[in-house]
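Trainee: Please take one part of this model, the salt bridges, and go through it closely. I would like the answer to carry on into the packing around it.

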Amino acid sequence: MLLHDVADRLNTIADHLPLPDQIRADPAIGEVLEDEVRHLAGLLTYLVGETAFRHRAAAHHPHELTATDRRSTLALARAAQPAGAALAALGTAVHYLGRLSDLPHQPPGPARNHAITIAHQALVNRIAAARGRLAQTARMLRSAADTQATPAVTAAVAPAPPAPPSRTRSCATTPPSSPRRPNRPD
C-alpha cells in the first residue's frame with residue numbers, strides 16, 4: 001500500500017506540471033513550478049527518511065525483517081534517484097523560466113529572438129523530462145508493489161499427538177461432595 005501511495009503522489013505532481021503547449025514565459029508557470037518543486041522536495045525527503053528508518057530498523061531488529069520489507073525498502077531507495085533527477089530537471093526549468101523573463105528586456109534583434117526560442121525549448125524539455133521521470137518512478141513503485149510475492153502456502157500441519165495421561169486424578173471422577181451446612185432457624 002505504501003508504494004502505491006507514493007506512486008500516486010508522484011503521478012499527482014506530474015499531472016500538475018504543464019504540458020508542452022501550455023508552457024510560456026508566464027508568472028502562472030512560475031507558481032506551478034514553485035508548488036510542484038515544494039511537493040516533490042517533500043516527497044523526496046520522505047523517501048530518504050523512510051528508507052533510512054527502515055535500514056535502521058533492519059539493523060536493530062534483523063529477525064523481524066521480512067522479504068516484503070526488504071523489497072519495499074529497496075523500491076523506496078530506488079525511487080529516490082529518479083525523483084531527485086525530476087527535482088533537478090525542475091530546478092533547471094526554473095532557471096530557463098528566469099531567462100525567459102529576462103530576455104525581453106535585452107536589446108531587440110535576431111540574437112534575442114534566437115535566445116528566447118532556445119530558452120523556451122529548454123524550459124519545455126526540462127518540464128517534460130521531470131514529467132517523464134516522475135511517471136517512470138511511479139510505474140517502478142507500482143510494479144514493485146504488484147510483484148511482491150504473496151506468502152507461500154505452507155503444508156497442512158499434522159495434528160499434535162494426544163497428551164500423555166496425567167498422573168493426577170482424571171476429571172471423570174466425581175468431585176467430593178461439599179459439606180452440608182447445618183440448618184439454621186429463621
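This is a predicted model: local features need pLDDT of at least 70, side-chain atom pairs count only at pLDDT 80 or more; totals for chains, interfaces and linings use all residues.

Mentor: Asp35 has a relative accessibility of 34%, so it counts as partly exposed; that class runs between the 20% limit for buried and the 50% limit for exposed. Asp35 pairs with Arg38 in a salt bridge whose closest N and O atoms are 3.6 Å apart. Arg38 is also partly exposed, because its relative accessible area is 48%. Both residues belong to helix H2, where a spacing of 3 residues puts them about one turn of the helix apart.

Glu50 has a relative accessibility of 18%, so it counts as buried, the limit being under 20%.

In total the structure holds 4 salt bridges. One of them joins the side chains of Asp8 and Arg142, at 2.2 Å from N to O. Asp8 is in helix H1 and Arg142 in helix H4, so this bridge ties together parts that are 134 residues apart in sequence. Both ends are partly exposed: Asp8 because its relative accessible area is 37%, and Arg142 because its relative accessibility is 24%.

The largest nonpolar core has 37 residues, and Leu10, Leu33, Leu40, Leu134 and Leu141 touch the most other members. Helix H1 (2-16), helix H2 (27-60), helix H3 (67-102) and H4 each give two or more residues to this core. In soluble globular proteins, nonpolar side chains tend to be buried together.

Apart from neighbours within four places in sequence, Leu10 is in contact with Leu40, Leu43, Leu134, Thr137, Ala138 and Leu141. Of these, Thr137 deserves a separate word. Thr137 sits in helix H4, which spans residues 110-146. Its relative accessibility is 1%, so Thr137 counts as buried. Again setting aside neighbours within four places in sequence, Thr137 contacts Ala79, Pro82 and Ala83 as well as Leu10.

Technical notes. Residues are numbered from 1 along each chain as its sequence is written. Side-chain values use heavy atoms; hydrogens and water are left out. Helices (H or I, at least four residues) and strands (E, at least two) are DSSP runs, numbered from the N terminus. Buried means under 20% relative accessible area, exposed over 50%, partly exposed in between (1.4 Å probe, protein chains only). Contact means heavy atoms within 4.5 Å. A nonpolar core is a set of buried Ala, Val, Leu, Ile, Met, Phe, Trp, Tyr and Cys residues joined through side-chain atoms within 4.5 Å.
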